[in-house]
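Subject: Structure handover and notes

Dear colleague,

Please find below the structure I promised to pass on, followed by my notes on what was found in it.

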Amino acid sequence: WNSNFERLERWKEIHGNCNVPDDPNDRETAALHKWVTDQRIHYKRYIAEKGDNENGEDPDSGKKNKKKLPSLNEEKISKLESIGFEFDARDAKWLQKLEVLKHYKELHGD
């Protein structure tokens, strides 16, 4: 996990964001994209399981929850947040487009 996080930090230094595209022509970029996607999935699972675990029950069955621990923990989430990682891919895409728009406005003024 830490080596992928370091790769993501380097990506952000170069590209200014943590939004790694899926590039089938570049194995390294494709692998980092998959890891980023996995972090978003693990985060959603973490949030869902955290909610389930607060009451100790599976909301669908009412039985005690015996799920495995999520792949992300608060420390990893904090590390990702510290570099501006967006856990929602739609938000990340929107913010990326906003930056393009800001750049356009700087260049053209309209």
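Two residues are said to be in contact here when they have heavy atoms within 4.5 Å of each other. On that basis, among contacts in the protein between residues at least 6 apart in sequence, 53% join residues at least 24 apart. Please keep in mind that this is a predicted model, in which local features need pLDDT of at least 70 and side-chain atom pairs count only at pLDDT 80 or more, while totals for chains, interfaces and linings use all residues. Residues are numbered from 1 along each chain as its sequence is written, and side-chain values use heavy atoms, with hydrogens and water left out.

Overall fold

The protein has four helices and zero strands, where helices (H or I, at least four residues) and strands (E, at least two) are DSSP runs numbered from the N terminus.

The core

Gln 39 itself lies in helix 2 (residues 27–55) and is buried, with a relative accessible area of 3%; not counting residues up to four places away in sequence, Gln 39 touches Trp 1, Leu 72, Leu 80, Phe 85 and Phe 87.

Aromatic pairs

Rings of Phe, Tyr and Trp (its six-membered ring) pair if their centres lie within 6.5 Å, and planes under 30 degrees apart count as stacked, over 60 as edge-to-face and the rest as tilted; the structure holds four such pairs. The rings of Tyr 43 and Phe 87 are stacked, because their centres are 4.0 Å apart and their planes are at 25°. This pair links distant parts of the chain, with Tyr 43 in helix 2 and Phe 87 in the loop between helix 3 and helix 4 (89–108), 44 residues apart. Phe 87 also pairs with Phe 85, and here the arrangement is edge-to-face, since the centres are 4.9 Å apart and the planes are at 70°. Elsewhere, ring pairs link Trp 1, Phe 5 and Trp 35 into a cluster.

Salt bridges

A salt bridge is a side-chain nitrogen of Lys or Arg within 4 Å of a carboxyl oxygen of Asp or Glu, and a search of the whole structure finds three. Arg 7 pairs with Glu 28, the closest N and O atoms being 3.4 Å apart; as Arg 7 lies in helix 1 and Glu 28 in helix 2, the pair ties together parts that are 21 residues apart in sequence. Lys 50 pairs with Glu 74 at 3.5 Å between the closest N and O atoms, and this pair links helix 2 to helix 3 across 24 residues. For Asp 38 and Lys 34 the closest N and O atoms are 3.0 Å apart, and both residues lie in helix 2, four residues apart, separated by about one helical turn.

Terms used
Buried < 20%, exposed > 50% of the residue type's maximum accessible area, 1.4 Å probe, protein only.
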